[in-house]
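The following exercises are to be worked through with the sequence and the three-dimensional model at hand. Each task is followed by a solution in steps.

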Amino acid sequence: MKLKIVLCLALLGLLGFGGQAFAVFNAADPVPAATLLVPYFEVDLNNVNGVNTLFSINNASATAALAHVTVWSDQSIPVLDFDVYLTGYDVQTVNMRDILQNGNLPRTASAGQDPSPPDAISPKGPVSQDINFASCTGTLPYNNPALNAAFRAHLQAVLQGNASPTFGLCYGSKTKDNILRGYVTVDTVNSCNVLFPSQMLTGYASVITYQNILWGDVFYVNSAENFAQGETLVHLEACLTCGLVTGDHTFYGRYEAAGVVNAREALPTTMVARYLNGGGFTGGTDFMVWREGGTQTSAVGYSCNLQGPAQWYPLGATQVVVFDETEQPVTTENCPSGFDCGIDIVIPNEAQRVDIGTDIPTPFNFGWVWLNLQTTYPGQVYGDDDQQMWMFTVMDASGRFSVGFNGIAIDNANTPNTIIIPVN
């Protein structure tokens with residue numbers, strides 16, 4: 001457990017209009033940030049109208065910037081990275097199907113790579129900066145399809161838990177259902193590069209920057225079912241003046257031996273959210289859950305004889321409690337007649353869709369869930385159980401309507417929740 005909370009007020013100039021936005025470090029509030037987290041994505045390879053994930057990368061500053069995008073498997077292994085150039089106040093939409101199925105990366109170019117006529121690829125508005133990043137020469141813009149057939153086959157195999165046809169290793173959970181799963185991070189950087197955040201100790205620390213200028217949103221779209229959900233991305237600020245010291249929890253600290261060079265704020269360990277499995281919401285409720293699992297040493301492929309990286313899989317949990325709307329918890333002791341309350345609740349991966357009623361069993365149609373996902377595993381760099389998490393809630397009535405929203409944070413990994421609900 002940490003001995004202190006690291007708090008600071010970061011004063012940010014917002015949109016250059018003279019207004020100011022105050023942000024609380026370690027609060028994961030939706031303000032311009034140095035890192036964006038897409039906590040979970042899905043792409044259905046069987047149906048072009050099936051589930052797909054889209055997100056945006058926006059620049060809240062007049063200053064041009066580079067964003068480095070990393071696609072991770074649902075078991076915390078980076079599988080793809082690319083750069084996005086943003087002029088001032090720019091916005092770039094990223095379509096995960098277009099990348100993983102078609103091989104097309106977003107086409108952007110700083111001033112030095114934009115052909116004649118100028119700004120044909122990355123237009124510049126009248127109040128936006130457009131500069132040259134010399135490091136991007138020869139890389140941006142991407143010629144699509146940027147990912148060849150062999151690499152696409154690799155991605156499409158490992159992101160559903162099959163062995164890589166190229167390397168023979170596994171990278172993700174063994175779903176093998178033609179639905180690709182994982183999560184995405186987006187960082188401000190000072191140069192185009194081919195590094196992963198898991199390489200913080202071997203180069204990534206020299207390219208990551210501390211510009212709190214990124215903001216964005218995410219949409220889960222399923223045209224076949226006639227619904228979509230959306231929410232703001234997880235915004236992670238950087239702060240170099242907040243007194244961070246080695247051992248303080250930061251978002252990328254697990255990749256630098258609990259160091260704080262990345263200076264990104266930490267996420268919570270415990271969150272809560274409501275669920276509806278009836279009434280108008282006939283499709284029920286799912287939680288999209290991201291968890292902190294792997295380390296630098298486990299951010300590589302592993303033998304397919306295993307179900308996940310040997311260093312940490314599966315992730316445990318401290319306490320998951322389901323309440324109805326009269327505050328009655330589900331426990332083995334008060335299990336309703338005819339319902340099995342002894343089913344283990346398992347949320348084993350770094351990113352996953354969790355069905356309320358199946359993965360988290362409950363006899364109640366309406367209620368809320370307390371998720372304390374603190375856990376321990378051998379070799380974790382912090383030596384405690386304060387592992388980060390995030391949760392996005394999806395409720396739907398298939399073919400009619402749907403909603404999506406973020407869960408509510410109870411704590412922060414630097415001031416972890418110590419409450420154990422006495423349900424037994």
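**Exercise 1. Overall composition and dimensions**

How many helices and how many strands are there in the chain?

Solution. The model is a predicted one.
Step 1. The chain holds two helices and 20 strands.
Step 2. Along the principal axes, the C-alpha atoms fill a box of roughly 75 × 50 × 45 Å.
Step 3. Of the 424 residues, 58% count as buried.
Step 4. Among contacts with a separation of 6 or more, 73% are made by residues 24 or more positions apart.

**Exercise 2. The nonpolar cores**

Which residues of the largest nonpolar core touch the most other members, and what is F55 in contact with?

Solution. 
Step 1. The largest nonpolar core has 86 residues, and those touching the most other members are F55, I57, M96, F287, I360 and L371.
Step 2. Another core lies apart from this one; it has six residues, among them F25, C242, L244 and V260.
Step 3. Beyond its neighbours within four places in sequence, F55 is in contact with V38, V69, Q92, T93, V94, M96, V184, V186, D217, V218 and L233.

**Exercise 3. Strand β15**

Are the residues of strand β15 buried or exposed, and which residues lie on each side?

Solution. 
Step 1. In a regular strand, side chains alternate between the two faces of the sheet.
Step 2. In β15, Q319, V321 and F323 lie on one side, whereas V320, V322 and D324 lie on the other.
Step 3. Both faces are covered, and six of the six residues of β15 (residues 319–324) are buried.
Step 4. Strand β15 runs antiparallel to β17 (residues 366–372), to which six bridges join it. The bridge partner of V320 in β17 is L371, a residue that is also listed among the core members touching the most others.

**Exercise 4. Salt bridges**

How many salt bridges does a search of the whole structure find, and which parts of the chain does the pair R254 and E292 tie together?

Solution. 
Step 1. Side chains of opposite charge can pair when their charged atoms come close.
Step 2. The search finds six salt bridges.
Step 3. R181 and D177 meet through their side chains at 2.9 Å, N to O. R181 is buried, with a relative accessible area of 13%, whereas D177, at 32%, counts as partly exposed.
Step 4. In the salt bridge between R254 and E292, the closest N and O atoms are 4.0 Å apart. R254 lies in the loop between β12 and β13 (270–276) and E292 in the loop between β14 (285–291) and β15, so the pair ties together parts that are 38 residues apart in sequence. Both partners are buried: R254 has a relative accessible area of 3%, and E292 has one of 1%.
Step 5. R353 forms a salt bridge with D286, with closest N and O atoms 2.8 Å apart. This pair links strand β16 (residues 351–355), which holds R353, to strand β14, which holds D286; the two residues are 67 apart. R353 is partly exposed at 28% relative accessibility, and D286 is buried at 12%.
Step 6. E42 joins D286 and R353 in a network of salt bridges.

Note on methods
Residues numbered from 1 in each chain as written. Predicted model: local features only at pLDDT ≥ 70, side-chain atom pairs only at ≥ 80, totals over all residues. Heavy atoms only, no water. Core = buried A, V, L, I, M, F, W, Y, C linked by side-chain atoms within 4.5 Å. Buried < 20%, exposed > 50% of the residue type's maximum accessible area, 1.4 Å probe, protein only. Contact = heavy atoms within 4.5 Å. Helix = DSSP H or I, 4+ residues; strand = E, 2+ residues; numbered from the N terminus. Pairing = 2+ DSSP bridges.
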